Amino acid sequence: MSKELAGLMRALNAAHDPVDKGRLMDEIEAIIMTEPEGSRATVLAYEGDEGLRLRALGEVGDPADFDLIAEALADPALRETALEALAGQPDAGGVDALARSYLDDPAPAVRSRAAGLVAFNGRPGAVEALLPLTQDPVAHVRMRLAWDLGALGGPAVEGALHRLLDDPDEMVRTLAARGLARKVGHTPAVTDQTIEQI
């Protein structure tokens, strides 16, 4: 199975069509879930694209790889992928601490990914750490945050999501409405057209 996994990783590295990439990643994930220990050795030995290697290590989710993934955060080109890979790590406290340190990263995609990890782990102080991002200058960050906040719930979250309902960006408003409906239990008027845009 390791030869098959290595071949799939090489094929994914060479693929250009998004459909092919998605199919190949699905096959890689299936192999990793079937045989995580053998897959880990193959992934660690992979010498192609480092981002792909990090994604695959994230799928493996072995705690022994925490430091290796965390080291990749030092490279701005790999930071978003490394944060994605950290989502598969069982050390929620360690993942949360690292993610919080990137909530003010210069790259909007990194801020979004870090916010998603902080919300996902829901550790103490998560809401307070995320609330400043409701003022992020990039609409995409506010949009993703609105959805992520809905997973946390609580009065501070509800207040922030209500403020985001007045955001100048339509998609932020839409996701704020969905975030409210997600956990807080309040459903502002959301049209079918709005839901289709999500």
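Biologist: Leaving aside its neighbours within four places in sequence, which residues is Leu-86 in contact with?

Modeller: In this predicted model, Leu-86 touches Phe-66, Ile-69, Leu-73, Val-95, Leu-98 and Leu-117. The word contact applies because it requires heavy atoms within 4.5 Å.

Biologist: Which members of the largest nonpolar core touch the most other members?

Modeller: Leu-86 is one of them, along with Met-9, Ile-28, Leu-83, Leu-130 and Leu-161. The core holds 54 residues. Helix α8, residues 108-121, supplies the largest share, six residues.

Biologist: Why is Leu-117 called buried?

Modeller: Its relative accessible area is 5%. Leu-117 sits in helix α8. Apart from neighbours within four places in sequence, Leu-117 is in contact with Leu-83, Leu-86, Ala-87, Val-95 and Ala-99.

Biologist: How far apart are Leu-117 and Ala-11 in space?

Modeller: Their C-alpha atoms are 29 Å apart, and 106 residues separate them in sequence.

Biologist: What makes α8 mostly covered?

Modeller: Ten of its 14 residues are buried. Among them are Val-110, Arg-111, Ser-112, Ala-114 and Asn-121. The buried residues of α8 pack against α6 (79-86), α7 (92-100), α9 (126-130) and α10 (139-150).

Biologist: How does the reach of α8 compare with what is expected?

Modeller: From first C-alpha to last, α8 reaches 20 Å, close to the 20 Å expected at 1.5 Å a residue. After α8 comes Gly-122, which has a positive phi, near 55 degrees.

Biologist: How do you know that Arg-113 and Glu-80 form a salt bridge?

Modeller: Their closest N and O atoms are 3.7 Å apart. A salt bridge needs an Arg or Lys side-chain nitrogen within 4 Å of a carboxyl oxygen of Asp or Glu, so this pair qualifies. The pair links distant parts of the chain, with Arg-113 in helix α8 and Glu-80 in helix α6, 33 residues apart.

Biologist: Why are Arg-113 and Glu-80 not called buried or exposed?

Modeller: Arg-113 has a relative accessible area of 24%, and Glu-80 has 31%. Buried means under 20% and exposed over 50%, so values in between are called partly exposed. Salt bridges that share partners join Arg-55, Glu-80, Glu-84 and Arg-113 into one network.

Biologist: How many salt bridges does a search of the whole structure find?

Modeller: The search finds eleven. Another of these is between Asp-65 and Arg-40, whose closest N and O atoms are 2.7 Å apart. This pair also links distant parts of the chain: Asp-65 is in the loop between α4 (50-60) and α5 (66-72), and Arg-40 is in helix α3 (residues 36-45), 25 residues away.

Biologist: Is Asp-65 buried or exposed, and what does Arg-40 count as?

Modeller: Asp-65 has a relative accessible area of 2%, so it is buried. Arg-40 stands at 22%, so it counts as partly exposed.

Biologist: Where do Arg-53 and Glu-50 lie?

Modeller: Both are in helix α4, three residues apart, about one turn of the helix. An α-helix has 3.6 residues a turn, so residues three or four places apart point the same way. Arg-53 and Glu-50 form a salt bridge, with closest N and O atoms 2.9 Å apart. The side chains of Arg-53 and Glu-50 also make a polar contact (2.9 Å).

Biologist: Why does Arg-53 count as buried?

Modeller: Its relative accessibility is 12%, and the limit is under 20%, so it counts as buried. Glu-50, at 28%, is partly exposed. Leaving aside neighbours within four places in sequence, Arg-53 is in contact with Met-9, Val-43, Leu-44, Tyr-46 and Leu-68.

Biologist: What does Ala-177 count as?

Modeller: Ala-177 counts as buried, because its relative accessibility is 5%. Ala-177 is in helix α12 (residues 170-184). Its C-alpha is 8.1 Å from that of His-162, which is 15 residues away along the chain.

Biologist: What pLDDT does the protein chain average?

Modeller: The average is 88, and 91% of the residues score at least 70. Over residues 184-198 the pLDDT is below 50, and this stretch has 25 contacts in the model beyond near neighbours in sequence. Where pLDDT is low, the predicted coordinates should not be read in detail.

Note on methods
Residues are numbered from 1 along each chain as its sequence is written. This is a predicted model: local features need pLDDT of at least 70, side-chain atom pairs count only at pLDDT 80 or more; totals for chains, interfaces and linings use all residues. Side-chain values use heavy atoms; hydrogens and water are left out. pLDDT is the predictor's confidence in each residue, from 0 to 100. A nonpolar core is a set of buried Ala, Val, Leu, Ile, Met, Phe, Trp, Tyr and Cys residues joined through side-chain atoms within 4.5 Å. Buried means under 20% relative accessible area, exposed over 50%, partly exposed in between (1.4 Å probe, protein chains only). Helices (H or I, at least four residues) and strands (E, at least two) are DSSP runs, numbered from the N terminus. The expected span of a helix is 1.5 Å times one less than its number of residues. A polar contact is a pair of N or O atoms within 3.5 Å; within protein, one must be able to donate a hydrogen and the other to accept it, and residues adjacent in sequence count only if both atoms are side-chain atoms.
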